Amino acid sequence: QVQLVESGGGLVQAGGSLRLYCAASRSSVSINAMGWYRQAPGEQRKLVAQITSSGRTNYADSVKGRFTISRDNAKNTVYLQMNSLKPNDTGVYYCYALGFQYYWGQGTQVTVSS
């Protein structure tokens, strides 16, 4: 099993920045990719950004150029730097790790006020 612990969410004004952190517990499970999904109120969970163990990244079109995902493989930690935040970035951000299955964090709230 893999346990994920997230931190870094909060309330910020539009145009501001936040940095999210997600640390995965040590385990024998091989993690191929880590990333973040966002779930806005009344909507389905959607992919925000992903990074593979080799460092390849993938972003939702809505965050390209504003968000940067990075990963420290030695620490099993993934980071999401969010700049130029917009009100529609608001939601619960869930960290995930992909091995033989998806493992999920508990979620961290990000609220961007206009």
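These legends describe several views of one predicted protein model.

Read along the sequence, the pattern is β-β-β-β-β-β-β-β-β-β-β. The radius of gyration is 13 Å, close to the 13 Å that the globule rule gives for 114 residues, so the chain is as compact as a globular protein of that length. Its C-alpha atoms fill a box of roughly 45 × 25 × 20 Å along the principal axes.

**View 1. Interior and surface of the protein chain.**
Of the 114 residues, 46% are buried. Contacts were counted at a sequence separation of 6 or more, and 53% of them join residues 24 or more positions apart. The chain exposes about 6,000 Å². Carbon and sulfur atoms supply 47% of that area. The chain carries 11 positive and 5 negative charges.

**View 2. A disulfide joins C22 to C95.**
The count for this model is 1 disulfide. A disulfide is a covalent bond between the sulfur atoms of two cysteines. Here the S to S distance is 2.0 Å. The angle about the S-S bond is -80°, and the link of C22 and C95 is left-handed. C22 lies in strand β3, residues 18-24, and C95 in strand β9, residues 91-98, so the pair ties together parts that are 73 residues apart in sequence. Both C22 and C95 are buried.

**View 3. V48 is a buried residue in a strand.**
V48 belongs to strand β5, which covers residues 46-52. Its relative accessibility is 1%, under the 20% cut-off, so V48 counts as buried. What does V48 touch, leaving aside residues up to four places away in sequence? The list is W36, Y37, R38, N58, Y59, A60, V63, F67, L80 and Y93. For scale, take D72, which is 24 residues from V48 along the chain. The C-alpha atoms of V48 and D72 are separated by 19 Å.

**View 4. F100 is an exposed residue in a loop.**
F100 sits in the loop between β9 and β10, the latter spanning residues 102-104. Its relative accessibility is 80%, over the 50% cut-off, so F100 counts as exposed. I31 is 69 residues from F100 along the chain. The C-alpha atoms of F100 and I31 are separated by 8.1 Å.

**View 5. N76 has a positive phi in a loop.**
Most residues other than glycine have a negative phi. The phi of N76 is near 50°, and N76 is not a glycine. N76 lies in the loop between β7, residues 67-72, and β8, residues 77-82. Is N76 buried or exposed? N76 counts as buried, at 15% relative accessibility.

**View 6. S84 also has a positive phi.**
The phi of S84 is about 50°, although S84 is not a glycine. S84 is found in the loop between β8 and β9. With a relative accessible area of 40%, S84 is partly exposed.

Terms used:
Residues are numbered from 1 along each chain as its sequence is written. This is a predicted model: local features need pLDDT of at least 70, side-chain atom pairs count only at pLDDT 80 or more; totals for chains, interfaces and linings use all residues. Side-chain values use heavy atoms; hydrogens and water are left out. Helices (H or I, at least four residues) and strands (E, at least two) are DSSP runs, numbered from the N terminus. The radius of gyration is taken over C-alpha atoms; the globule rule is 2.2 Å times the number of residues to the power 0.38. Buried means under 20% relative accessible area, exposed over 50%, partly exposed in between (1.4 Å probe, protein chains only). Contact means heavy atoms within 4.5 Å. Accessible areas come from the Shrake-Rupley method with a 1.4 Å probe; for residues, only the protein chains shown count as cover. Lys and Arg count as positive and Asp and Glu as negative; His and the chain ends are not counted. The place of a charge is taken as NZ of Lys, CZ of Arg, CG of Asp or CD of Glu. A disulfide is a pair of cysteine sulfur atoms within 2.5 Å.
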